[in-house]
Amino acid sequence: MTTLSSEELQAQRSDFGLRLSNSMAKYGPLCVGIDPHRKLLTDWGYNVDAEGAELFSMRMLQAANGRAAAVKFQTPMFERYGAKGFEALERVLYAARQMGVITIVDCLRGGLSTTISAIADAYFKPGAPLLADAITLLPYYGARSLNGLITEALENGRGVFIASLTSNPEGMSLQTALRQSGDYKGRTVAYGIASTAQKHNVDIEGMGSVGLIIGATIGQWMQDSGVDPSKFTGPILSPGYGWQGAEAKDLKTVFRGTRGNVLVTVSRFIASHGPDIAALSQATESIALDIRQALMEATVEGSENQ
């Protein structure tokens, strides 16, 4: 086995964050969600099957290429078709790699160490069938249970996004619950998750590779969580803009004081303009500009209030 120097190890751990940061600087803070819902497939004139999901995804990928910082694939939308669905996901991930588009697979995985090693084989290692730049993780076996998988991701130049404050309203009661023991006793569950994730980004120059999921719709209960996104130095993946109800003002509220590390996901809001490629592309560009403006204002407002 080749022993890497400390500089080489640091470069590996920084790789995803650096690539994503560069892509966000070039294309803006938009991540196009590629979610082949049944209704969208029907609206676009495609069959509701694995082939329809693949055709839909390829068209969305074409529209996002060169107009968004990343794309995100929702695993259950492919999983519903069984083996053929996973084959379709493999092919669209391959197409995205050929285009040089950063890919996030929204699979929300987590579990015990034996389970986690299999996840790394599926998504991170060279030759992995579902090779992606990053995946989403659920920390509810305990955030530290993810350490082995995070290490696998970083050692392969990949990244992760850990669910901390999700955009679904049902998550509030759990995520703002106070911890009864451990390092973060008396602080919220969400705070403990965010703090554990941040430890992986310490000593990384620029944006780290271990991110959080923080929904854009949580402004009303943001303070209850104790989480301050402006103090987090990894990437923040933010669902909820558009179809789920969040607007520019919500981005400015939730992400006040952040500095270029928020990646906003939009899926159905863009897909509703399809299947015409020109219309999809125009919608992608327009939404990317709106999001960039809102987050720039959030940064400015944060610095003025310091």
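## Strand E8

Both faces of strand E8 are covered: Val-262, Val-264 and Val-266 are buried on one side, and Leu-263 and Thr-265 are buried on the other. Buried means under 20% relative accessible area (1.4 Å probe, protein chains only). Five of the five residues of E8 (residues 262-266) are buried, so the strand is largely enclosed by the rest of the structure. Strands here are DSSP runs of E, at least two residues long, and helices are runs of H or I, at least four residues long, numbered from the N terminus.

## Basis of the model

This is a predicted model: local features need pLDDT of at least 70, side-chain atom pairs count only at pLDDT 80 or more, and totals for chains, interfaces and linings use all residues. Residues are numbered from 1 along each chain as its sequence is written, and side-chain values use heavy atoms, without hydrogens and water.

## Partners of E8

Strand E1 (residues 30-34) pairs with E8 in the parallel sense over three bridges. Pairing requires at least two DSSP bridges between the strands. Cys-31 stands opposite Thr-265 in E8.

Strand E7 (residues 236-238) also runs parallel to E8, joined by three bridges. Ser-238 has Val-264 in E8 as its bridge partner. E7, helix H11 (residues 248-254) and E8 make a right-handed β-α-β unit.

## Helix H6

Helix H6 spans residues 113-123. Its buried residues are Ile-116, Ile-119, Ala-120, Ala-122 and Tyr-123. Seen down the axis of H6, they fall within an arc of 160 degrees, so they line one face of the helix. The arc is taken from the directions from the helix axis to the C-beta atoms.

What covers these buried residues includes strand E3 (102-109), strand E4 (134-137) and helix H7 (147-155).

Terms used:
Buried means under 20% relative accessible area, exposed over 50%, partly exposed in between (1.4 Å probe, protein chains only). Contact means heavy atoms within 4.5 Å. A crossover is right-handed if, with the strands pointing away from the viewer, the path from the first strand over the helix to the second runs clockwise.
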